[in-house]
Amino acid sequence: MRKDFLPFSKPSVKEEAIAEAADSIRSGWLAMGPKTIKFEEEFAAYTGASFALSANSATAGLHCAAMALELGAGDEVITTPMTFAATVNAVLFTGAKPVFADIDRNTLNIVPENIEKLVTPRTKAVIPVHFAGMPCDMDKIEAIAEKYNLAIIEDSAHALGAAYKGRKIGADRGMRRLSVFSFHPTKNITTGEGGMICTQDEDLAERIQVLRQNGMSKGAWNRYAAKGNSNYDIPFPGLKYTMLDINAAIGRSQLTQVDEFNARRTEIVNVYKRELADVRGIILPKPAPWEHTHSWHIFTPFIDTDALGFSRDEFMARMKTLNIGTALHYQALHLFTCYGAVTGMKRGDLPEAEYVSDRIVSLPLFPAMTDEDVSDVVEAVKKVCK
Ligand SMILES: *Cc1c(COP(=O)(O)O)cnc(C)c1O
């Protein structure tokens, strides 16, 4: 058994990035400024988006996206129950109502046909989540959005570097579409906390710029620059969701490493898939049939609780005693008190999501894992499943 605890995730930040962050602090320009603008330009270039707008988290980014679309009371938004709470909180804080469509247990993504069944005259938007970095079947989701005139907010928190049929997630795909990324420390790249909203839609991009700084109609950092103008209007109220230059400094460095990070993630996943293929009690994730590049934010097999005779939670506890960290992504959202109450859904209503929710576990996966770390995980899984 390994001596030290292996966390399920850990970021890799270069010394140069730390120096750049320190430079921002020393310069006196700590908040949003030139490095944030550069980071946005570089992110737009990487993803192929016309506009990339930073935020201080993906939660803030999702909320900005929902506000920019003017979602509100009486509106419905269809999304997946297999996501982080932020996806749905962003909807709820506009006054709109989230509606859960069941997932497919193989791809772990929302099923387009299930979305269509739930469309009503009140439906205004759909929020697909590219679970673990596996792109959703976007051709079908786009066709439904077009047919019923729905906006699309892609929750791309897991999907930086992922691609669907050769198109990078975040790349331009028409109007009233937004794609939101996360830079939380467990994600494919980090800024500490941070997020990015990509869109091709200039109107939405402009609204988001205003929404993220208290409704101020002009770049806040511009007002303080020598050439800046101190006059501004407030066309509608916003919140304070801007990224700091301290964080953007780290993000710029991280972005240069994303392909390298994702390549290492994929390498580790391939070892897991090979080594765990025949382990009784482990059900491996299945690839989607459509052409895609996976960004492997997390590796999430199922624990075959029937075969093993103990629960996924017990599996996680036993892994911990072997000094291996694991995580749960996610408990299906309709099973939480809050989202059960707002949607009126309960156990039994979303059987696929519930099957997954009871069995899924995230094994350690981060670029700095050594080959030895990976075999420690494999050994621990085999031991627990014996
Ligand atoms: C991490 C995550 C978020 C929230 O990201 P933050 O940057 O932590 O706000 C939203 N949705 C999904 C699917 C996530 O994994």
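On a 1 Å grid over the protein atoms alone, a cavity is a set of points where a 1.4 Å probe fits but cannot get out, while a pocket is an open set with protein on both sides within 12 Å along at least five of seven lines; a residue counts as lining when one of its atoms lies within 4 Å of a point. Grid points are joined across faces, edges and corners, and a volume is the space filled by probe spheres set on the points. The model here is a predicted one, so local features need pLDDT of at least 70 and side-chain atom pairs count only at pLDDT 80 or more, though totals for chains, interfaces and linings use all residues. Residues are numbered from 1 along each chain as its sequence is written, and side-chain values use heavy atoms, with hydrogens and water left out.

Four cavities of 30 Å³ or more turn up in the structure. The largest cavity has a volume of about 90 Å³. Its lining includes Met138, Glu142, Glu154, Tyr164 and Arg167. Two elements each give two or more residues to that lining, helix H6 (138–148) and strand E7 (167–168); helices (H or I, at least four residues) and strands (E, at least two) are DSSP runs numbered from the N terminus. By class, the lining of the largest cavity splits into four nonpolar, one polar and six charged residues. In this count Ala, Val, Leu, Ile, Met, Phe, Trp, Tyr, Cys and Pro are nonpolar, Asp, Glu, Lys and Arg are charged, and the others, Gly among them, are polar.

The largest pocket holds about 350 Å³ of space. It is lined by 22 residues, with Phe84, Ala86, Ser182, His184 and Lys187 nearest its centre. H3 gives the most to this lining, three residues. Sorted by class, the lining of the largest pocket has eight nonpolar, eleven polar and three charged residues.

The largest pocket is also the space taken by the ligand; a molecule sits in a pocket if more than half of its atoms lie within 2 Å of its grid points. Around the ligand are 17 residues, the closest being Thr59, Asp155, His158, Ser182 and Lys187 (near here means a heavy atom within 4 Å). Seven of the shell residues are nonpolar, eight polar and two charged.

Some polar side chains reach the ligand directly. A polar side-chain atom of threonine 59 lies 2.5 Å from a ligand oxygen atom, and one of aspartate 155 lies 2.7 Å from a ligand nitrogen atom. In tyrosine 330, a side-chain N or O atom is 2.9 Å from an oxygen atom of the ligand. Taken alone, the ligand exposes 380 Å², and the protein buries 93% of that (areas come from the Shrake-Rupley method with a 1.4 Å probe).

Tyrosine 330 has another feature to look at: a cis peptide bond joins histidine 329 to tyrosine 330, with omega about 5°. Tyrosine 330 sits in the loop between helix H12 (312–321) and helix H13 (337–343). Elsewhere, asparagine 214 has phi near 60°, a positive value in a residue other than glycine. Asparagine 214 is found in the loop between helix H7 (202–211) and helix H8 (220–224).

Methods
Polar contact = N/O pair within 3.5 Å; in protein donor to acceptor, adjacent residues only side chain to side chain.
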